[in-house]
Amino acid sequence: MSKPNVAIVGATGVVGSIMRNLLAEDRDRWGKISLLASPRSAGKELKVGDETIVVQALSAEAFDGVDIAHFDLPDEVSAEWVPVAAAKGVVVIDKSAHFRMDPDVPLVCPESNPQDVSHRPKNIIANANCTTLALIPSLAALNEAFGLKEMRVASYQAASGSGKEGLEALYEQAGKVAGLTGLGTVGHEVREVLGEDFNAPFGAPLVMNVVPKVGGWKDGGWTSEELKVRNESRKILGLPDLAVSSTCVRVPVAIGHSQAVNATFAKDVTVEAAHEVLRNAPGVDVVDDPENMVFPMPIDSVGAKGTQIGRIRQSLDFPRSLDFFVVADNIMKGAAENSHQTAVLVAQELAKK
Ligand SMILES: NC(=O)c1ccc[n+]([C@@H]2O[C@H](COP(=O)([O-])OP(=O)(O)OC[C@H]3O[C@@H](n4cnc5c(N)ncnc54)[C@H](OP(=O)(O)O)[C@@H]3O)[C@@H](O)[C@H]2O)c1
């Protein structure tokens, strides 16, 4: 096949805009690029590098001639439209949660299971959730070396994980509290200044606060995000019995999801051995010189490819265990970069046909 034609579906969104940048960086690899979004955005002109491309409304005809489509849409819209594109022969890489746990849909993080890309009976490949993708490159490397058995995770997730709406809400809330000083910034005064309207989209004020709820409520008091970390990690790593406990928390950060992890292994592990493994792991940047204040932080992760890991410590009370801190740009490795890496694997496969 000549160069594959690519569509970004949801090209006007937070993830879609970074997808456009990644395609522009790698422009020579791809044929025609189409940009799709809702009818609200039809006719808008968007840039992909130097090219100006007119956004089309999502329709079945818009997939004519498309080989690979990056779907960057809300769950319910993906649920309806992914099968339409896949039925037309398009290889779909979908970032919604809708297809991820379907046994006939591979869930791919190229640092862990690139081979799964070519087993796609429904023509659909799922991109994992952004919290999970921040963990996988480190976990995959540590698992191969030491055999991962258990992990306990607490996340500190950015507002942009909720898309355009989340990012705009954080900036708007920050503007509202800018005048508060000293004790005036405490507790109910923040709520008073923000008012009820500012509970959306996080369910509570985010600025000067943290919200221990990401996603919808599920059985047993878990949230959908916490279950995604567990179920998607198991599927990508090929470890169906991996024991996972996760608490997901939204924090007033614009971009960059952080996670504090305690991981237990089948084999003995030391900090030095883990450093050695992680230094050679694809998609992992070891940022670990704590005495000089060098450790991963979301502020430094923005726009960075891959994931960062630091604060690696031997657990004091748990044998064969490490504690560490992982950060990744939730829109980059957590979404667009992973999808782009996956598309490159598909393109290499199509080129052989
Ligand atoms: N943000 C993250 O960190 C992140 C990370 C991993 C995965 N994801 C997933 O990636 C997907 C996109 O997220 P996002 O953060 O980019 O969201 P977003 O900023 O809200 O963008 C949503 C996109 O979907 C389009 N859209 C909405 N309804 C549509 C409809 N009925 N028909 C056609 N297009 C429609 C929007 O087009 P208009 O502009 O025309 O409305 C926009 O381009 C979601 O499934 C999300 O869960 C997000």
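Predicted model: local features only at pLDDT ≥ 70, side-chain atom pairs only at ≥ 80, totals over all residues.
**The ligand and its surroundings**

- There are 26 residues around the ligand, and the ones that come nearest are Thr12, Ser38, Arg40, Ser41 and Leu73.
- What kinds of residues make up that shell? They split into ten nonpolar, eleven polar and five charged.
- Serine 38 has an N or O atom in its side chain that is 2.6 Å from an oxygen atom of the ligand.
- Arginine 40 also uses its side chain: a polar atom there lies 2.8 Å from a ligand oxygen.
- With glycine 13, look at the backbone instead, where a polar atom is 3.1 Å from an oxygen atom of the ligand.
- On its own, the ligand has 900 Å² of accessible area, and the protein covers 83% of that.
- Which elements give two or more residues to the shell? They are helix 1 (14–25), helix 2 (75–87), helix 4 (163–177) and helix 9 (332–351).

- Six strands make an open sheet, with parallel pairing, and you can trace them in the order 5-2-1-6-7-8.
- At the edges you'll find strand 5 (56–57) and strand 8 (124–126), each of which pairs on one side only.
- Strand 2 (residues 33–37) runs parallel to strand 5, and two bridges join them.

**Strand 9 and its partners**

- Does strand 9 run parallel or antiparallel to strand 11? Strand 9 (residues 148–157) and strand 11 (residues 257–265) pair in the antiparallel sense, over eight bridges.
- Methionine 151 stands opposite alanine 263 of strand 11.
- Strand 9 is also joined by eight bridges to strand 10 (residues 243–250), and this time the strands run parallel.
- Here, alanine 154 stands opposite threonine 247 of strand 10.

**Two backbone spots to check**

- As background, most residues other than glycine have a negative phi, and most peptide bonds are trans.
- Now look at the bond that joins alanine 200 and proline 201: it is a cis peptide bond, with omega about 0°.
- Where is proline 201? Proline 201 lies in the loop between helix 5 (188–194) and helix 6 (224–237).
- Methionine 293 has a phi near 60°, a positive value in a residue other than glycine.
- You'll find methionine 293 in the loop between strand 12 (284–286) and helix 8 (298–301).

How values were computed. Residues numbered from 1 in each chain as written. Heavy atoms only, no water. Near = heavy atom within 4 Å. Polar contact = N/O pair within 3.5 Å; in protein donor to acceptor, adjacent residues only side chain to side chain. Areas by Shrake-Rupley, 256 points an atom, 1.4 Å probe, with all protein chains shown as cover. Helix = DSSP H or I, 4+ residues; strand = E, 2+ residues; numbered from the N terminus. Nonpolar A, V, L, I, M, F, W, Y, C, P; charged D, E, K, R; others polar. Pairing = 2+ DSSP bridges.
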